[in-house]
Amino acid sequence: MALAGAAAPETQARPYTVLSCDAAPGFSAEAWRAAGSTGSAYSTCPTQGGENAGISNRITGVTVPALADSSHTFTAPAHATISSIRWGGRLARGDCRWGVMMLAQPGNRYVFGLRPNATCLTTALDVRGTTIPFTMPAGTGAVQQIAVCGAGSCGPGAAFHTQSVAVTVEDPTRPTIAVSGALVSGRWVRGDQEIRIAASDNSGISSVIAALGTHSVPSSFPCDFTRPAPCVSHSVAPRLSTLAVASGPARVAVRAADAAGNITDGSYVVKVDNEPPSRARPVLAGGEGWRRRNTFSLAWDNPPQAFAPITRVHYRLCGTGGCRDGAVDSADVHSLDSIAATDQGDNTLQVWLEDEAGNQSFALSASEAVHLRLDQDAPHVAFEPPDGGDPLRISVIAGDALSGLDAGSIEMRRRGGDSWHAIAAAREGNRLVGYVDDERFRSGAFEFRAYARDLAGNESSTDRRANGSRATIDLPVRFATRLTVGVRRVRGRRGHRRVTLTPRAQIRAGAKLRLTGSLANADGQPIGGAAVEVSSDSPGDAIGLVPAGIARTDSKGGFTYIVRGTRNKVVRFRYPGSRRIRAATRDFALHVRASSTIRASPRGLTNGQTVTLSGRVLTLPLPLSGKLIEVQAFFRNRWRTFSTTRAQALGTWTFDYQFGGTRGRVPYRLRVRLPAEGGYPFDTGSSPTARVVVTGP
């Protein structure tokens with residue numbers, strides 16, 4: 001962007017005027033340098049009208065050889081020329097052998113004054129109190145006032161006194177500008193930025209101004225026009241606000257002016273971005289669960305950038321001991337690897353992005369907190385002392401202060417044995433609690449061990465109680481029980497009868513059977529008021545034991561339970577025991593005979609006709625392939641199978657049979673037999689008898 005009102009580059013020299021002695025502020029004669037081989041060269045300013053005051057060159061009281069001189073010279077800056085002067089003063093000589101003149105250099109070109117050996121009738125010129133303009137020859141780089149001997153020798157004397165002088169210098173040279181700094185580095189920048197400007201010129205720099213958009217910073221410098229080069233070169237470093245332009249490429253303008261008013265403009269590309277990157281959404285590799293290794297990595301997709309690319313990621317990691325910040329520099333950085341949590345426990349990590357311009361904001365761009373959960377301490381595991389009121393209870397303290405318990409187990413083995421057996425254990429707060437199955441492990445000395453793993457994967461195990469003793473138990477620790485159940489059978493004659501309980505029975509489908517049982521301790525003392533759990537399981541049933549009911553013992557420890565013949569099954573009676581009384585289990589095997597209906601049509605027929613037998617299997621369900629049906633007839637004193645058929649999925653069946661070879665009137669007894677087979681939960685059974693009468697020739 002060019003500066004407002006900037007002038008076009010100059011092609012002609014610009015003048016400035018240097019004032020000396022009475023014409024100068026402060027009466028300075030600094031612009032004139034004394035020289036010469038004889039006499040005196042001095043300055044007395046202000047002159048106050050004195051005839052020997054001013055910028056003076058005097059040769060008096062001596063005879064001097066040829067070319068002996070005394071002079072003062074004004075030299076323009078390099079590449080500048082002197083176009084004119086205005087002069088006032090006094091010059092004088094004793095005779096015409098002397099020259100008192102103003103010369104233009106180079107070339108000793110005469111401007112004004114008294115030349116040696118010429119104009120001999122004139123010995124003085126006095127214009128004090130006024131000034132006379134003189135035009136300088138082209139290319140004049142210096143002006144010299146001089147008193148000089150123009151003969152083989154000269155007697156006293158000669159003098160040149162400049163009372164007031166103004167030298168006009170023509171400067172065709174524009175300033176040169178060199179810029180540096182982040183603002184013009186070609187990188188993206190933000191906020192207030194410094195631009196370093198080095199401006200130089202032969203006559204010096206009077207001002208520098210830098211502008212970016214609506215923001216400009218001028219710098220003006222004092223100049224002393226009593227010196228040939230009134231100003232000096234300068235370096236400045238103004239700060240410009242990039243907020244004065246929209247984000248994106250822009251231009252900064254620089255202008256420098258010299259003592260003559262020559263101007264140089266410069267324009268430089270600036271890349272501006274004042275918007276921080278959008279919020280990232282980091283994802284922790286492996287998830288935010290607990291872990292025991294203190295190294296975490298996370299990654300994210302960088303949001304698209306309209307201008308400055310992302311070059312840095314900042315992060316803030318907070319734990320129980322406080323927070324610390326860090327940063328990673330990388331082009332288009334989109335991950336953090338091998339980050340270590342500061343503390344054990346639940347640490348949080350937030351990231352926010354920085355672009356090449358330096359835009360970054362925790363408040364605006366920080367991500368949602370990612371949890372770095374670190375637990376490097378194994379769980380504390382110890383067996384608790386035995387509970388006298390519940391001796392089969394095995395309790396293990398399994399605590400973890402950080403991640404918490406994930407899994408645990410309790411195992412037992414016979415002391416000195418090789419095989420460990422798992423005990424079903426449940427979590428109860430910070431404990432693992434299990435119970436010894438003293439129906440499986442009847443007697444002996446047993447030892448225990450426990451294992452625990454926390455959510456971070458730290459593991460620990462023990463076979464010790466909290467006091468350091470080994471965790472053991474000697475079985476049995478509960479009172480033994482005796483459970484009997486079955487069908488009551490009375491055998492023997494009166495006075496010698498014996499009652500037994502048979503643990504199995506076979507009944508017809510749909511029939512009911514009363515079972516009798518008793519519950520007592522090992523000494524035969526009845527356990528009254530106890531609940532005996534009843535469940536059943538049919539062969540081939542994938543469901544397993546299904547609760548069926550509860551039998552409760554009377555004051556003598558006895559109970560009854562009625563089962564119904566729905567299918568073959570094992571009826572299990574279980575007394576779960578108590579904390580001090582051992583559990584007991586007994587099974588009763590109930591077998592149910594298969595059955596079917598049967599119908600013959602017609603029931604009376606002649607030899608050669610066909611009878612149709614049909615029916616429906618009553619004992620369901622049937623195998624998927626149907627049920628094998630054996631068709632039987634009774635002859636020669638027993639039932640004989642003469643053919644087979646199959647019942648359909650719903651249980652219905654039919655069978656056709658043609659009689660042949662019957663003579664006379666013959667009654668036949670027919671039935672079907674349902675044999676036991678795999679996948680059919682019934683014992684072998686049969687249908688009722690169907691009767692038909694066949695008449696032959």
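The model is predicted, so local features need pLDDT of at least 70 and side-chain atom pairs count only at pLDDT 80 or more, while totals for chains, interfaces and linings use all residues. Residues are numbered from 1 along each chain as its sequence is written, and side-chain values use heavy atoms, with hydrogens and water left out.

Buried here means under 20% relative accessible area with a 1.4 Å probe, protein chains only; strands are DSSP runs of E, at least two residues, numbered from the N terminus. In a regular strand the side chains alternate between the two faces of the sheet. In β8, Trp98, Val100, Met102 and Ala104 are buried on one side, and Gly99, Met101, Leu103 and Gln105 on the other.

As for its neighbours, β8 pairs antiparallel with β12, residues 142-149, over 8 bridges; pairing requires at least two DSSP bridges. Gln105 stands opposite Ala142 there. Antiparallel β9, residues 109-114, is joined to β8 by 5 bridges, with Met101 partnered by Gly113. These two strands form a hairpin with 3 residues between them, and Gly107 in the turn has a positive phi of about 100 degrees.

Arg90 is buried, and its side chain reaches the backbone oxygen of Glu51 at 2.7 Å. The side chains of Arg90 and Asn52 are 2.9 Å apart.

How values were computed. Buried < 20%, exposed > 50% of the residue type's maximum accessible area, 1.4 Å probe, protein only. Helix = DSSP H or I, 4+ residues; strand = E, 2+ residues; numbered from the N terminus. Lys, Arg positive; Asp, Glu negative; His and termini not counted. Salt bridge = Lys/Arg side-chain N within 4 Å of Asp/Glu carboxyl O. Polar contact = N/O pair within 3.5 Å; in protein donor to acceptor, adjacent residues only side chain to side chain.
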